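I have the sequence and the model open side by side. These are my notes on what I looked up, in the order I went through it.

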Amino acid sequence: MSARKVAVLKGGRSLERNVSLRSGAHAQEALERLGHDVVGLDVGPELVARLREERPDVAFIALHGRDGEDGTVQTLLEAIGVPYTGSGPAACMRCTDKVLAKYLMREGNIPTPEFHSVREAAIKELGAADALLDVEAALGFPLVVKPASQGSALGVKFARTGEELPRALVGAFSYDSKVLIERYVKGRDLAVSVLDGEGQPPPGGERGAPRADGTAPVALPVVEAVPREEDFYDYESRYEIGMTTFVCPAELEAETTARAQQLALQVYTLLGCHGVARVDLMLDRDSGELWVLETNVVPGMTETSLLPQAADAAGIGFDELIARVLASAWRRAPAPAAAPA
Amino acid sequence: MHGSMSGAGDGRGTRPTAHELARYEALFAARTRSMKSSAMREMMALTARADVISLAGGLPDTSTFAPELYAKLMSQVAAESTARALQYGPTEGMAAAVECIVEVMAAEQTRVDPGEVIVTTGGQQVIDLVCKALIDPGDVIVAEAPTYPGAVPTFGAYQAEVAQIEMDADGMPIDELERTLDSLQAAGRRPKFIYTIPNFQNPGGVTMSLPRRRRLVEVARERELLVLEDNPYGLLRYEGEPLPTLYSLDAQAAGRGGGADLVIYLGTFSKILSPGVRLGWAVAPRPVLEKLNLGKQGADLCTSPVTQLFVAAYFQERDVSGEAGWRGYVERLKDLYRRRRDVMLQALTEHFGDAARWTEPQGGLFIWATLDERIDTTDLLALARKSGVAFVPGRAAYMNGRSGSSSMRLNFAGVPDEEIREGVGRIGKVIREQLGLFGTLTGSSGQASGRLPAAEPAGEQSTPLADVVALPRPKQEGSARRRLDR
């Protein structure tokens, strides 16, 4: 692809600001090595003005969480006619809202752990607290409580008993007025990244159904996150304190790998993702079943992030990965002026 | 650089791949794994915004220093000591700065031998150098609970295990300390040093009583243990009588008319003058001092002569009545901070009310507030941030990153009265929201569930000490945090 002017959108006001700044810096370096004219923009009140001033051909979205992953920035970019990488507003909204994504998966017959959701307003104004016992009875303990739209470990709470549930809910409500209450699946933590591309799938990859333009989503090798200590109840530390190592490709039976990749491709298509996404799954220790937890439309791009690790295992270097993600902007762009030269 | 890291003939030229990036990870020292920033710290970094009232910092109010005086002193240093200011200085510090230190120590009622002083780059460097000199991976440090949040990463970086001892209104209970020392001894472990902030403790806001000070020195002498006495705020006392430093008590007990045997004293100009000058010091027994000096040679050769000469010039200033100018400035700071403390205490009564208990410090910069044990202040900070106010969640003061989860540290010194009131009011509002939600969820009234027994600072006194011991996990491999790093 010929050299372009690329604005890397990063930072912002999300709780994942720091991770985003690192993802953005890495993407920026790669884009420069690819020969593009790159400008990094820390997203804030000046965003539209800066975009008008810089006039980029394309925006590379390296924002995580609020604004960047929930469709806000995508909507804005469409309004001012700047092509951008990754999923469109609707897919962003579907994936970022964990509750909505779960309902859609349930409707699409994708296996996802049993759940309910509750809004703070329903507790305050509709007496929803009285329904919690029913929720507990339906789901059983332990339960995981997650803010509906928080991408990081912040606010993810674990409740072993009914007594622990209020604390978990109040903690999660600190981050979002809507929370997901989900049955806890004990097992292995897997992630499958999906990348749009052309031609044959890379080694270890699984190709989805091709689209009209000849491209098809490809599921990359499975990554397993292995907690260093077998404390399943300490949910937060499991994700926070450097207690996890990653194995890629995950050591799984061939059918399990294939099934995880197929599920990821199905979810990717179901939720309408574009360009790239990462689907998180659990391999049930008791039943051996795979459960889909959630989908991230702007996966991390730091040194230790899962997407670059998975791509690397498939022989796709970081620069090539970034080039592919960048190409996703053109494929969607409808205006002829924005098409590649 | 990238080329040299990449394997030859891999067909990917000089472009680093994720795999190659991971190779850097393999080059990092094991200690970097205990240097990880937690999600809580990441979130705190996000509160550093202009539109947020920050009660989180450890800041004195440097806007109170007269600009003309600063300009005059700097010009004086520039004009009169050009070559010296621009040159390297001795590792132990310049004599002119040591004189100032001896003067401050005298104001603390503590006589020191200038030959037992080392000038450091801020008080923080003393903590680092003491660890560097004393701590091998897995060694034990005994500290207060809660402890200075800024010492937590330093202890972690040296792969120390830290036993934290819950304080009460009189500071660290020495009987608890002895029990901990006994159980460590029974396990064949000997702590290297006891870390304490006896005056207006950061973050607890409490002061160690005189009997406990005496007993602590006795215990240290009986067991031949070093004590690191961190005393940044001793001169910022707003009420009550000053208590003797541990250093002076130990020197007295040694009975030679000289310095202390087992107490390493940490002082700083940060709170009585300016943290920007990065000037601190240690007073230590000579064998320890030598190791600190060697450590400092490796760290930064010497403390900036520019700032040492600046402080020396400042200490020459006299006010109209011929009194030392720096003493007058400290008095003005005390008046200012005393008022701000009172403003905050009043705001806490008004806005936290029954929903919390808090310490009433006789000096220093911080109040430690403890809420209903169901409230996690790390989560509360997420809410508070939306309301434009920040504090330090209690977990930052615990090595395990878990205890102290319903407490918070509030700084009253660095922000004007109005912002203190507004900030505390905003935090009070989010606390009430959370308590109200608890009330709705558990069928009790929010107020009632927030009511706590008065008196006594710091939560979790019932936690057995053994649970507070053990901490970083030095032997871990790998690194990445999943959700945080995505």
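**Entry 1: a sheet in chain B.** I started here, keeping in mind that this is a predicted model. In chain B I found an open sheet of four strands with antiparallel pairing, in the order E9-E10-E13-E12. Its edge strands are E9 (356-358) and E12 (392-393) of chain B, and each of them pairs on one side only. I then checked how E10 and E13 of chain B are joined. Strand E10 (residues 366-371) runs antiparallel to strand E13 (residues 407-411), and five bridges link the two in chain B.

**Entry 2: a sheet in chain A.** Next I went to chain A and looked for its own four-stranded sheet. There is an open one with antiparallel pairing, and its order is E4-E7-E5-E6 (chain A). Strand E4 (115-119) and strand E6 (157-159) of chain A have a single partner strand each, so one side of each has no neighbour in the sheet. Neighbouring strands here are turned by 25 degrees against each other on average, direction ignored.

I followed E7 of chain A, residues 178-183, through its pairings. E4(A) is joined to E7(A) by five bridges, and the two run antiparallel. Along that pairing, Phe115(A) faces Glu182(A) in E7(A), and Val118(A) faces Val179(A) in E7(A). E5(A) is also antiparallel to E7(A), again with five bridges. There I noted Lys146(A), whose bridge partner in E7(A) is Leu180(A).

**Entry 3: what lies across that sheet?** I found two helices to write down. Helix H5 (residues 98-107) of chain A lies across E4, E5 (143-147) and E7 of chain A, at about 45 degrees to E7(A). Helix H7 (residues 132-139) of chain A lies across E4, E5 and E7 of chain A too, running at about 35 degrees to E7(A).

**Entry 4: chain A overall.** I counted through the elements and have twelve helices and 14 strands for chain A. The radius of gyration of chain A is 20 Å, close to the 20 Å from the globule rule for 341 residues, so chain A is as compact as a globular protein of that length. Along the principal axes, its C-alpha atoms fill a box of roughly 60 × 45 × 35 Å. Of the 341 residues in chain A, 57% count as buried. I also looked at sequence separation: among chain A contacts with a separation of 6 or more, 70% come from residues 24 or more positions apart.

**Entry 5: domains of chain A.** The domain assignment gives domain 1 (5-85), domain 2 (114-183) and domain 3 (186-332) of chain A. I looked up domains 1 and 3 of chain A, whose C-alpha centres lie 23 Å apart. Their contact takes 21 residues from domain 1 and 15 residues from domain 3 of chain A. Which element gives the largest share of domain 1's side? H1(A) does, with eight residues.

**Entry 6: the core.** Last, I went to the largest nonpolar core, which has 231 residues. Phe60(A), Val194(A) and Leu281(A) touch the most other members. Helix H16 (residues 417-442) of chain B supplies the largest share of this core, nine residues. I listed what Val194(A) contacts beyond four places in sequence; among them are Pro217(A), Ala264(A), Tyr268(A), Cys273(A) and Val279(A).

Note on methods. Residues are numbered from 1 along each chain as its sequence is written. Chains are lettered from A and ligands numbered from 1 in the order in which they are written. This is a predicted model: local features need pLDDT of at least 70, side-chain atom pairs count only at pLDDT 80 or more; totals for chains, interfaces and linings use all residues. Two strands pair if DSSP finds at least two bridges between them. A nonpolar core is a set of buried Ala, Val, Leu, Ile, Met, Phe, Trp, Tyr and Cys residues joined through C-beta atoms within 7 Å. A residue is buried if 20 or more other C-beta atoms lie within 10 Å of its own, exposed if 12 or fewer, and partly exposed in between; C-beta atoms are placed from the backbone. Two residues are in contact if their C-beta atoms, placed from the backbone, lie within 7 Å. Axes are lines fitted to C-alpha atoms, for helices over the stretch in contact, and angles run from 0 to 180 degrees between N-to-C directions. The radius of gyration is taken over C-alpha atoms; the globule rule is 2.2 Å times the number of residues to the power 0.38. Domain bounds come from an automatic or database domain assignment.
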